[in-house]
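Morning, everyone. Please bring up the model on your screens. I'll go through a helix pair, then a strand.

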Amino acid sequence: MPTTRRDFLKGTVAAAAFSGAALSNFMTEAAAKEKVGSRIWGNLLHLGHNMWGDTPRAYTPPSFKLDCEDALWVELTERCAEAGLNMIVIDLGEGIRYESHPELAVEGAWSIEKLRKDLARLRGLGLEPIPKLNFSACHDFWLGEYSRMLSTSKYYEVCADLIREVCAIFDTPRFFHLGYDEETAEHQRTYDYVVIRQGELWWHDFLWFVGQVEEQKVRPWIWSDFCWKHKEDFLKRMPKSVLQSNWYYGNAFEAPHNVYVQTYLDLDKAGFDQVPTASNWSNNVNFKMTVEFCKENISEQLLKGFLQTPWKFTQSSVRDHHLRAIEQVKEMIY
């Protein structure tokens, strides 16, 4: 296990070499899974929701209860299918009882059997289920005590176990969303416990995660905001095998003055596959504006689809918010 900066540098180079060497075969296999001319119209839904550390409650499983209502989950996914969407990205977190690490589950967490049955239901609706486990140090509250063991041998062991198990549960999905967003001190300013990776350690761990996913013959998928402040490094070192989801939730699509919007153009110019991400979290026009901007400015070959992210619990108190999110996607499908 690396213990010095030099060791981390060596590990990063090795991981990058692995990713580069495997890229050709991996991308060929990934392309074979895609339907010619298919476009992703996806929606993010939460089983787990313990991704943030600024809540006034201590994470002590199993004292938490699952913040996901089964009836609403079924209704929302059925609405997605009826609206013409074809993908559900499932934020798993603490929401299932992993066989490898049952200690992460909260009260009410789904069993593996229940999840598998629901995955079959989703596929029957024409919805492709994609797993998401956010390994950003800003959004890994769901990892419990392991979130405070960042970059240790135990941390790598647990994360590898979870990725391997989830890929098996999902029967080798087309993608695995690793999250990896907002790992900055600023984004954790309200947290009681703050930890970030930067420099070579960030790259070492990130490429390690990429390798873990690709070993399962699954394509890694991430949020792209690390590019906002590390553009040159990101565009040079990021493997092309990693599917990119840059995101911007405002309504001022003015590049290059808006770095968030400019990143869509930078990723396109550099040749990255993209699934631009929008949200109705702050307004109800963002999804429409995102589709219009990206359809006009991202090459057809690299624009793989769009993802809607309501960023709300799966609870009846915010049902209308979820329904609006689905309707916004329906209106823009082409």
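At what angle do helix H3 and helix H4 pack, and how far apart are their axes? This is a predicted model, so keep that in mind. Find H3 at residues 112–124 and H4 at residues 153–169. The angle is about 45°, and the axes are 10 Å apart.

Who makes the contact? From H3 come Ile-112, Leu-115, Arg-116 and Leu-119. From H4 come Glu-165, Ala-168 and Ile-169. Sort those contact residues by type: five are nonpolar, two are charged, and none is polar.

Now the strand. Go to E1, residues 40–46. Is E1 mostly covered or mostly open? Mostly covered: seven of its seven residues are buried. Look at which way they point. Ile-40, Gly-42, Leu-44 and His-46 go one way from E1. Trp-41, Asn-43 and Leu-45 go the other way. Residues in both sets are buried.

Next, the neighbours. Which strands does E1 bridge to? One is E8, residues 305–308, joined to E1 by four bridges. Another is E2, residues 87–91, joined to E1 by five bridges. E1 runs parallel to E8, and E1 also runs parallel to E2.

Two partners to click on before we stop. Trp-41 has Phe-306 as its bridge partner in E8. Leu-45 has Ile-90 as its bridge partner in E2. Thanks, that's my part.

Key
Residues are numbered from 1 along each chain as its sequence is written. This is a predicted model: local features need pLDDT of at least 70, side-chain atom pairs count only at pLDDT 80 or more; totals for chains, interfaces and linings use all residues. Side-chain values use heavy atoms; hydrogens and water are left out. Axes are lines fitted to C-alpha atoms, for helices over the stretch in contact, and angles run from 0 to 180 degrees between N-to-C directions. Helices (H or I, at least four residues) and strands (E, at least two) are DSSP runs, numbered from the N terminus. Contact means heavy atoms within 4.5 Å. Ala, Val, Leu, Ile, Met, Phe, Trp, Tyr, Cys and Pro count as nonpolar, Asp, Glu, Lys and Arg as charged, and the others, Gly among them, as polar. Buried means under 20% relative accessible area, exposed over 50%, partly exposed in between (1.4 Å probe, protein chains only). Two strands pair if DSSP finds at least two bridges between them.
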